[in-house]
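Okay, thanks for coming, everyone.

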Amino acid sequence: MKLAPETHNPPQGAQRLSLEALHRWEALEYGMFIHFGMSTFDGVELSLGDRPSMDYAPDRLDVDQWIGVARDAGMQYAVLTAKHVSGHCLWPSRHTDYTVATSSNTTDVCQAFVSACERRGVKPAFYYCSWDNHHLLGSMTPTLAGWEKAFTTQAYRDFQLRQVEELLTQYGPLVEMWIDIPGPLGHEGRRAQYEQIARLQPQALVVMNQGLSDGSELKFNYTWPTDVMTIERWLPSSNRGYNPWHRVGESVGSTRDFYIAGEVCDPIGNEWFFVENDRSRSDNDLLGMRLLCQARNANLLLDVPPDKHGVIPSMFVEALMRLRRNFERMQTTA
């Protein structure tokens, strides 16, 4: 797997979505990642999935506030962690009782999120994690086996397909569907997941997260197939920015070129989920991230976590509004 030469620029490429559709997604430029769920309350990012559902207990949950902040910050789309490593679901899934339906706050957060996005003119997307410490179904997660030995069973993969189908069919059109930790699904598991998303929401981009990366190489054996190259906790390579053309298939003797859009994901502070003592990065750091992503041809998905009350803290709101003002000032003086 390697990048196609910079001069190689096929008219359309072999990818599922047209260049026009991908360029429309790229034009969104800036989105809000929203990490919220059991890890907000147990304080463990990679939760063991052993806490009772009632521990999820936001007492002032205000999903509309999240999306209002996103809109006012100039963000055009938002991605919600519908299910993270804990396995606790932010919607009342029919396939498990480990959901908001059995928690201290039974609000269907996925529905509230999509409705708020529609009201505020922000495009919605969901995140779903294949690393699930609660619903093992015979699988070995990185928690139990380490990264190299983690795997999923067919029983788990079927469970994931059923849950993702709920998200894709019960909650309005999505701009993208994020699948985290796709490696343990195996190639056939990823292909089945990709094809399901493409069938049920053909306009949505499928994101198979490849984890820590500067976008210089696609981790084919971990993420393929995918419509998006994720650049997690890094910025695109400074050598030439993000080159979206990738040559796929050399190992099987059938080379084709794919246009794969780039998306940087990073938190506004240090932590993905809310942590009491976490603080926003400096104004200069945030402005630099925003400008470099724009200059290097990658969207910025900035994580802004709600707190245990279920609201985005004022320190993050204020940092986002300063970032918008600073960014717009730079655009007018450029």
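This is a predicted model: local features need pLDDT of at least 70, side-chain atom pairs count only at pLDDT 80 or more; totals for chains, interfaces and linings use all residues.

Residues are numbered from 1 along each chain as its sequence is written, and side-chain values use heavy atoms, with hydrogens and water left out.

You'll find E166 in helix α6, residues 154-170. On helices: they are DSSP runs of H or I with at least four residues, numbered from the N terminus. E166 is buried, with a relative accessible area of 1%; buried means under 20%, exposed over 50%, partly exposed in between, using a 1.4 Å probe and protein chains only.

Is E118 buried or exposed? E118 is in helix α4, residues 109-120, and counts as exposed at 68% relative accessibility. Take Q294, which is 176 residues from E118 along the chain: the C-alpha separation of that pair is 26 Å.

Back to α6, and its pairing with helix α7, residues 186-200. Their axes come within 10 Å and cross at roughly 20°. Axes here are lines fitted to C-alpha atoms, for helices over the stretch in contact, and angles run from 0 to 180 degrees between N-to-C directions. That angle makes α6 roughly parallel to α7. The cut-offs: under 35 degrees is roughly parallel, over 145 roughly antiparallel, 65 to 115 roughly perpendicular, and the rest oblique. From α6 the contact uses R157, Q160, L161, V164, E165, L168 and T169, and from α7 it uses G189, A192, Q193, Q196, I197 and L200. By class, that contact has six nonpolar, five polar and two charged residues. Nonpolar covers Ala, Val, Leu, Ile, Met, Phe, Trp, Tyr, Cys and Pro, charged covers Asp, Glu, Lys and Arg, and the others, Gly among them, are polar.

Next up is helix α10, residues 314-333. What angle do α9 and α10 make where they cross? The axes of α9, residues 283-295, and α10 come within 9 Å and cross at roughly 50°, and α9 and α10 are therefore oblique to each other. On the α9 side we have D283, L286, L287, R290, L291 and Q294, which meet A319, R322, L323, N326, F327, M330 and Q331 in α10. Those contact residues split into seven nonpolar, three polar and three charged.

Helix α3, residues 63-72, also has an axis within 9 Å of the α10 axis, with a crossing of roughly 20°. That makes α3 roughly parallel to α10. Here Q65, V69, R71 and D72 of α3 meet V317, L320, M321 and R324 of α10, giving four nonpolar, one polar and three charged residues.

Last one: helix α1, residues 19-26, where the buried residues are L19, A21, L22, W25 and E26. They cover an arc of only 160° around the axis, so they're on the same side of α1; that arc is taken over the directions from the helix axis to the C-beta atoms.

Note on methods:
Helices (H or I, at least four residues) and strands (E, at least two) are DSSP runs, numbered from the N terminus. Contact means heavy atoms within 4.5 Å.
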